[in-house]
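Here is a short note for someone opening this entry for the first time. The points below go from the whole assembly down to single residues.

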Protein chains: 2
Amino acid sequence: MVRSEDSLDTIDAEAVPEVVVQRLPLYVRVLSHFASAGIEVISSEQLGAHLQMTPAQIRKDLSYFGRFGKQGRGYDVGSLAMRLRSILGLDTQWNAGLIGVGRLGRAVVAYPGFQPEGFRIVAAFDADERLVGHEVGSMRVQKLAELEQTVRERDIKIGIVTVPATHAQDVINELVRAGIKAILNYAPIAPVVPPDVRVQGVDPVLALQSMTFYLKN
Amino acid sequence: MVRSEDSLDTIDAEAVPEVVVQRLPLYVRVLSHFASAGIEVISSEQLGAHLQMTPAQIRKDLSYFGRFGKQGRGYDVGSLAMRLRSILGLDTQWNAGLIGVGRLGRAVVAYPGFQPEGFRIVAAFDADERLVGHEVGSMRVQKLAELEQTVRERDIKIGIVTVPATHAQDVINELVRAGIKAILNYAPIAPVVPPDVRVQGVDPVLALQSMTFYLKN
C-alpha cells in the first residue's frame, strides 16, 4: 500500500499559498471521483490531466502537506483523499448563518449541495423587520440584532451574505463583530475585512469576465 | 492627467498568469466603485487595501498590461478602469447558451446580474425531450441536437452548464464540439477540456471548503 508518510496534524496555514488552498477542494473532488470508479492508485500525470495542471504543479502543491505517494508508483487515492479532507477540515460539520432572505438568499437556503458536504445553514437573518419571523427553509428569520448571540449559541463559524451590494459591507462588518472568520459573499463587492477574516466570493459575473479576456486576446 | 502610457491593443494572453487574469474583474469592480464615489486618482496602497493585496502585487499585476500611473501620483481611476475593461473584453456584448433548464438552470436564467454587465443568455437547451418547447425566461427550450447550429446563428461564445454532475462532462463535450471556448460550469465536477477551452466553475461548496482550511489550521 502506498500511503502518506507524513503524520503531522498541524499545518502552518500561513506557509501555504492561498491558490494552493483553493485548489485542494478540487483535488478532493477528483480523488473522490476516482475512488468511486474503483481506482486505487493515480499518477500526478493523471491528476494533472483532470485538473488542467502539470504533474510538477501537482507534486509541488501536495508537498506543502507532507510526503504523499512513492516515486514511480503514484498516489494512493483513498488515503490521499482522506488526508486532504482532514487538512481542509471536511471531516467535521460546519454551521453557517445566512444574512439576507430575498430571492437570492432563499435560493441559497434551498441549494441542495451544502448539506451532503457537511455545511448546514442553521440561522437566517434580515435587516428588514417585515421579513423577521417568516419561515425560510425550516428556519424562522431573525433580526440582525440577534446575530452575535445566535452565532455563539449555535456554534456558527461561517457567514453567508446574500444582501444587495449596497448593504453588503455593513452586513460583513456585523459578521466580523460577531466573531465570524469565514464569509461566503454572494454580493458583487470586494469587501474590506481584517486580515484574519477570509472572504470567498460566489459571483458568476466575475467568472465570466475573466474568460472574456481569453475570448478576446 | 495621469493616463496609460501604453497603447498596445494586443495582449499576449499566454504571458499573463491565470491568477492575474482572474483578479482583473475585481480591479474593474473596485475602480468603478471609486469612480462612482467621485474619486479620480488612487494609489496602489488604496487599491491594495480594497483587494486584500500588497501594493507591490498590484503594481506587478498591472505591469503585464503596460505602464499605468505615475510614480508617487497613483492611478487615474477612470482611464485605468476603461483600459482594464477593454483588455478584459467587457466593452462588448457576449452571447451565452445555457444547457440544463432544471431548478438551477431556471434560477441562472432569472439571475439579474448578467445583462447589466454585457452578458446575455440567448438560448436554452435540455436533453430531456419533455422540457423541449417549454418557455424559460423569454426563450423556448431547444433540444441539444440544435446546439451547434444555434451557436453559429446566434453568435454564442459562452456555454453555461447547469445540468447534474453526472451529465456535465457529456454536455461540456457537446459544447466543445460546437466550437465553444468559454464555459461557466455550475456542476460540481472538474471537467476535462482541450487546452484552448476555458472553464470557470461556480461552486459555493468549493469556496466554503477552501475557507474551512483556515478555520481549522
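1. Two residues are taken to be in contact if their C-beta atoms, placed from the backbone, lie within 7 Å. With that cut-off, 98% of the interface residues of chain A are also interface residues in chain B, so the copies meet through the same surface. The model is a predicted one, and every value below should be read with that in mind.

2. How are the two chains related? Chain A can be laid on chain B by a turn of 180° with a shift of 0.0 Å along the axis, and the RMSD is then 0.0 Å. This is the relation of a two-fold axis. Within chain A, the C-alpha nearest the axis belongs to A:V202 and lies 3.4 Å from it.

3. The contact between the chains involves 49 residues of chain A and 48 residues of chain B. On the chain A side, at least two residues each come from α1 (18–36), α2 (44–51), β8, β9 (182–185), β10 (198–201) and α8 (204–216). The largest share is that of α8(A), with 13 residues. Sorted by class, the side of chain A that touches chain B has 33 nonpolar, 10 polar and 6 charged residues.

4. Of its 217 residues, 40% count as buried. Among contacts in chain A between residues at least 6 apart in sequence, 59% join residues at least 24 apart.

5. Chain A is divided into domain 1, residues 13–87, and domain 2, residues 94–206. The C-alpha centres of these two domains of chain A are 31 Å apart.

6. Chain A contains an open sheet of 6 strands with parallel pairing, in the order β7-β4-β3-β8-β9-β10. At the edges stand β7 (142–143) and β10 of chain A, each with a single partner strand, so one side of each is left without a neighbour in the sheet. Inside the sheet, β3 (residues 94–99) and β4 (residues 119–126) of chain A pair in the parallel sense over 6 bridges. One of the residue pairs to look for is A:G97 with its bridge partner A:A123 in β4(A).

7. Which helix of the other chain packs on this sheet? Helix α8 (residues 204–216) of chain B does, touching β3, β4, β8, β9 and β10 of chain A. The direction of this chain B helix makes about 165° with that of β9(A).

8. In chain B, β8(B) and β9(B) pair in the parallel sense over 4 bridges. Across this pairing, B:I160 has B:L184 in β9(B) as its bridge partner. In a regular strand the side chains alternate between the two faces of the sheet. Strand β9 (residues 182–185) of chain B can be checked for this: B:A182 and B:L184 point one way, B:I183 and B:N185 point the other way, and all are buried.

9. One backbone feature deserves a look in both chains. Most residues other than glycine have a negative phi. A:D155 has a positive phi, near 55°, and is not a glycine. A:D155 lies in the loop between α6 (147–153) and β8 (156–161) of chain A. Buried or exposed? A:D155 is exposed, with 10 other C-beta atoms within 10 Å. In chain B, phi of B:D155 is also positive, at about 55°, and B:D155 sits in the loop between α6 (147–153) and β8 (156–161) of that chain. B:D155 is exposed, again with 10 other C-beta atoms within 10 Å.

10. B:Q149 is in helix α6 of chain B and is exposed, with 11 other C-beta atoms within 10 Å. B:D170 is in helix α7 (residues 165–177) of chain B and counts as exposed, with 12 C-beta neighbours inside 10 Å. From B:D170 to B:R59 the separation is 111 residues in sequence and 41 Å in space, C-alpha to C-alpha.

Methods
Residues numbered from 1 in each chain as written. Chains lettered and ligands numbered in written order. Predicted model: local features only at pLDDT ≥ 70, side-chain atom pairs only at ≥ 80, totals over all residues. Least-squares fit on C-alpha atoms with pLDDT ≥ 70 in both. Buried ≥ 20, exposed ≤ 12 C-beta atoms within 10 Å, placed from the backbone. Nonpolar A, V, L, I, M, F, W, Y, C, P; charged D, E, K, R; others polar. Domains from an automatic or database assignment. Pairing = 2+ DSSP bridges. Axes fitted to C-alpha atoms, helices over the stretch in contact; angles between N-to-C directions.
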